[in-house]
Amino acid sequence: MKKYKWGILTAGKMSAKFVRALKLLHNAELYAVGARDISRAKLFAGEHGIKKYYGSYEELAADTDVDIIYIASPHASHFEHTMLCLKNRKAVLCEKAFALDTAEAAAMIEEAHRQNVFLMDALWPPFQPVYRQTKDLLLKGEIGRLIHIDARFGFQAPYDAADRKFNLMLGGGSLLDIGIYPVNDILYFMGTPDSVTAKATFAGSGAEHSINIIFGFNSGQTASVFSSFRVSAGIECTLYGENGNLVFSRGRDMSQRLTLAVNGKKPEEHSFIPEGMGYHYEAAEVMRCLDEGKTESPAVPHSYSLALMNILDRVRSEAGIVFPKQRPS
Ligand SMILES: NC(=O)c1ccc[n+]([C@@H]2O[C@H](COP(=O)([O-])OP(=O)(O)OC[C@H]3O[C@@H](n4cnc5c(N)ncnc54)[C@H](OP(=O)(O)O)[C@@H]3O)[C@@H](O)[C@H]2O)c1
């Protein structure tokens, strides 16, 4: 079995969670970390038992021994950092939101094709047991025809205009950070909506801190999404079918619960507590694809990332959310 050398781009909070999950995989070697500041990189390397550390992302990308780079920088930097790694012919797993908009995502995918290098959006849900089981139950017709989905993700984040969550220059706002999950629920279970209406409220920094979205489908199906840094709305999705409902939720520790409530029957409960907060699934998928010589994952194909970014673009356009760093398309 080939062992892949991973490089970690940033020494931030998500990078720390990801490297803990990477340690569960026998074919992954935690090889190097790059941060903007060498002292942070050194500290992170020491804490996680990583051999090499660099004080710039450029040096990490240029290390010829690195096979795969995991990118966990702020949203507005995903384009720049992905392009840097692809141009150095590294396989890339880039955190959500994959890019600021569809134009950036399309350019990243085009570069991956040009370099003939693997690129994947680090979308957590498609690999999780709760999503897979929900999809199976839906396809088996357990709740009959799907009529409506109601999905939300909200927690109270202390307001700090400089934090990436509230800083528009960094791609801040609840939509790309957490709203992307309920929006993904709609795409994953119902497909691309035909109509979008959205209303956002904004923090002092100009970043949106709550957003309410209604999706419509020509089929007559509907969906509603809410995300917020202002209220503790939890992380839950309800799929309403003609014969019953499916409700799944997760904790901030990524533990997952699913309830199947078929009309007239006792509800069935399932719970899942994946190791490594479930982040090892996506890392394993990258290495499985590389073993098979693939440049994209069938689990999160480039077309899926583009479809998701496109819905987010439509929502932002409806809600008046504009990022100063967006490139003209
Ligand atoms: N999949 C998931 O479940 C999940 C969960 C949480 C976050 N995420 C995603 O992971 C990514 C990082 O999130 P995080 O919570 O780890 O963020 P974070 O800790 O606030 O920041 C991550 C890194 O970004 C760089 N950074 C921070 N502020 C910056 C600034 N003002 N200007 C330039 N660079 C800055 C720093 O890199 P250096 O270390 O190099 O200084 C920092 O370590 C985001 O895309 C987020 O959406 C995913």
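**Exercise 1.** Find which backbone and side-chain atoms make polar contacts with the ligand (pairs of N or O atoms within 3.5 Å).

*Solution.* Start with alanine 11: one of its polar backbone atoms is 2.8 Å from an oxygen atom of the ligand. Next, look at methionine 14, where a backbone N or O atom lies 2.7 Å from a ligand oxygen. Finish with tyrosine 279, which places a polar side-chain atom 2.6 Å from an oxygen atom of the ligand.

A note before you go on: this is a predicted model, in which local features need pLDDT of at least 70 and side-chain atom pairs count only at pLDDT 80 or more, while totals for chains, interfaces and linings use all residues. Residues are numbered from 1 along each chain as its sequence is written, and side-chain values use heavy atoms, with hydrogens and water left out.

**Exercise 2.** Work out why the ligand lies between two domains.

*Solution.* Domain 1 (4–124) and domain 2 (126–278) both contribute residues to the shell around the ligand, so the ligand lies between them. These bounds come from an automatic or database domain assignment.

Now sort the shell by class: it has 10 nonpolar, five polar and seven charged residues. Here Ala, Val, Leu, Ile, Met, Phe, Trp, Tyr, Cys and Pro count as nonpolar, Asp, Glu, Lys and Arg as charged, and the others, Gly among them, as polar.

**Exercise 3.** Locate the residue with a positive phi and the cis peptide bond.

*Solution.* First, check phi: methionine 254, a residue other than glycine, has a positive value near 75°. Then check omega: the peptide bond from lysine 96 to alanine 97 is cis, with omega near -20°. To see what stands out, recall that most residues other than glycine have a negative phi, and most peptide bonds are trans.

Terms used:
A polar contact is a pair of N or O atoms within 3.5 Å; within protein, one must be able to donate a hydrogen and the other to accept it, and residues adjacent in sequence count only if both atoms are side-chain atoms.
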